[in-house]
Amino acid sequence: MAMIFEQESRTFSEYLLVPNLTPRDCTPDAVDLSTAIVRYRKGSAESRLRINVPVVSAIMQSVSDAGMAIALARCGGLSFIYGSQPIAGQAEMVLKAKKYKAGFVVSDSNVAPDATLADILAIKQKTGHSTIAVTDDGTAGGKLVGLVTSRDYRISRVPTATRVREFMTPFDHLVYAREGITLSEANDIIWDNKINQLPIINENGQLVALVFRKDYDEHKENPMELLDRDKRLIVGAGINTRDYQERVPALLAAGADILCIDSSDGFSEWQYDTLQWIRRQYGDRVLVGAGNVVDGEGFRYLADAGADFVKVGIGGGSICITREQKGIGCGQASAVQAVAAARDEYFLETGVYVPICSDGGIVHDYHMTLALAMGADFIMLGRYFARFDESPTRKLLVNGVYVKEYWGEGSNRARNWQRYDSGSEGGQMAFEEGVDSYVPYAGKLKDNLDISMAKIRSTMCACGARTIPELQEKARLVVVSATSIVEGGAHDVIQKESERRS
């Protein structure tokens, strides 16, 4: 006879947080939203990777490309660039995000002195870079002989056949620094000399890196930026259980900081095999998450297999129809609570803490706080991020309203048969597990994310919590009735505005 769980499968909308005493020093500006996202052992100083805000973007074609990875990392979160594409394309996106900003930038726009203005313009057209290094052999590591910036030429005055050596700023007119200088010292030189870039050379005069003024300025504007030890943005990438032996090395070579196996149902031997292969090849050097699961048994299986974090949720996404197509899944609130309990038991038994990521089921901003209170260490969002300028989809005007396209990885549009292959001939999808849709356009990511994080901080203060672990310890939750949900919104009034924020 089939096993039947006695508890109901519940969603976030069925719960509210009951306020605790708010101490005087528990104010929104004192709340720390940083969180560990990979496993660590009891007694360790900290996890090897933390994010500054507890949100990551979904591994989806319509959500996470290089543009989203850059924008979210600059706000303190993390993107997992979608894997339902050729390996080379995904690796290129990872590389683009990793190169976007760094303290010491290895120059990837270089020419030799015999190049022409036409070559400079072609590089600028292709890369968008206005600063181009001139080295004796035209490589990033050649001997520096000059720099070309937009101030060195005027297209209307300089023929495109003119050699670079004739209009570049020569080496003896440059301000430069020697290899070994700190980033702080380099920035001081930039400011003291009122320049926009500082070449770094070694003892042989060979170009080592460039430091840019704009990187310093942008960091000051984005103090929550998620950076690696080389001051580059931290970037994640999705993988599958089919071509991982080729995809993983390519993504690591491109600079991916963390990987995640992408599947609607992660409680499988295929994910076990993928995790074990990564551990045999790389040991613990490679950070990789797995999922999705909805119960403690699935969590323990993946944790034992070597997952650095486990994703929770089946069928709760706004464009996911796995539940109605397959009849599998669980209400997201119930799934998070069950897996969080299993994670805590695992920690007590093994001394290893494996973070969990709540994936799906977020309709309103307050649902994020509920997910964290119920035990999630961080949250994966698709629809939320798909609405913004930085998502890769088109902005359209539909019925007088601006929208962004948004489709599921299980939809025919994604053509992601490697992830959802049902065994049909030719590897084609026998049925869809996602829909093709629109979401209301919402503007810039940072503006919206700042508001959402402000709501979380405010709610945490109402619960008397300054950190996510403290929220999980102190949170008190109540199940709400259908009528109390109605009571919680505006009612029995005539509203002046027809549009309401979530």
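These are my notes from looking around one predicted model.

As a reminder to myself, strands of a sheet pair through backbone hydrogen bonds, either parallel or antiparallel. In which sense do strand 7 and strand 8 pair? I found the parallel sense, over two bridges, with strand 8 covering residues 132–135. Zooming in on that pair, I saw V111 standing opposite V134 of strand 8.

**Entry two: helix 12**

Next I went to helix 12, which spans residues 365–373. How many of its nine residues are buried? I noted eight, so I put the helix down as mostly covered, with buried meaning under 20% relative accessible area. The buried residues are D365, H367, M368, T369, L370, A371, L372 and A373. Y366 also sits in this helix, and I looked it up separately. Y366 counts as partly exposed because its relative accessibility is 34%, which lies between the 20% and 50% cut-offs. I also found Y366 in a nonpolar surface patch with L16 and V478. Together the three have about 240 Å² of accessible area. After helix 12 comes G375, and I wrote down its phi as positive, near 130°.

My last stop was E225, in the loop between helix 6 (213–221) and strand 14 (236–239). Is E225 buried or exposed? I have it as buried, because its relative accessibility is 5% and the cut-off for buried is under 20%. Then I listed what E225 touches, leaving out residues up to four places away in sequence. My list reads N52, A73, R74, G76, K101, E218, H219 and L233. I also checked E225 against G77, which is 148 residues away along the chain. Their C-alpha atoms are separated by 7.9 Å.

Definitions and conventions:
Residues numbered from 1 in each chain as written. Predicted model: local features only at pLDDT ≥ 70, side-chain atom pairs only at ≥ 80, totals over all residues. Heavy atoms only, no water. Pairing = 2+ DSSP bridges. Helix = DSSP H or I, 4+ residues; strand = E, 2+ residues; numbered from the N terminus. Patch = residues over 30% accessible without salt bridge, like charges linked within 9 Å, V, L, I, M, F, W, Y side chains within 5 Å. Areas by Shrake-Rupley, 256 points an atom, 1.4 Å probe, with all protein chains shown as cover. Salt bridge = Lys/Arg side-chain N within 4 Å of Asp/Glu carboxyl O. Buried < 20%, exposed > 50% of the residue type's maximum accessible area, 1.4 Å probe, protein only. Contact = heavy atoms within 4.5 Å.
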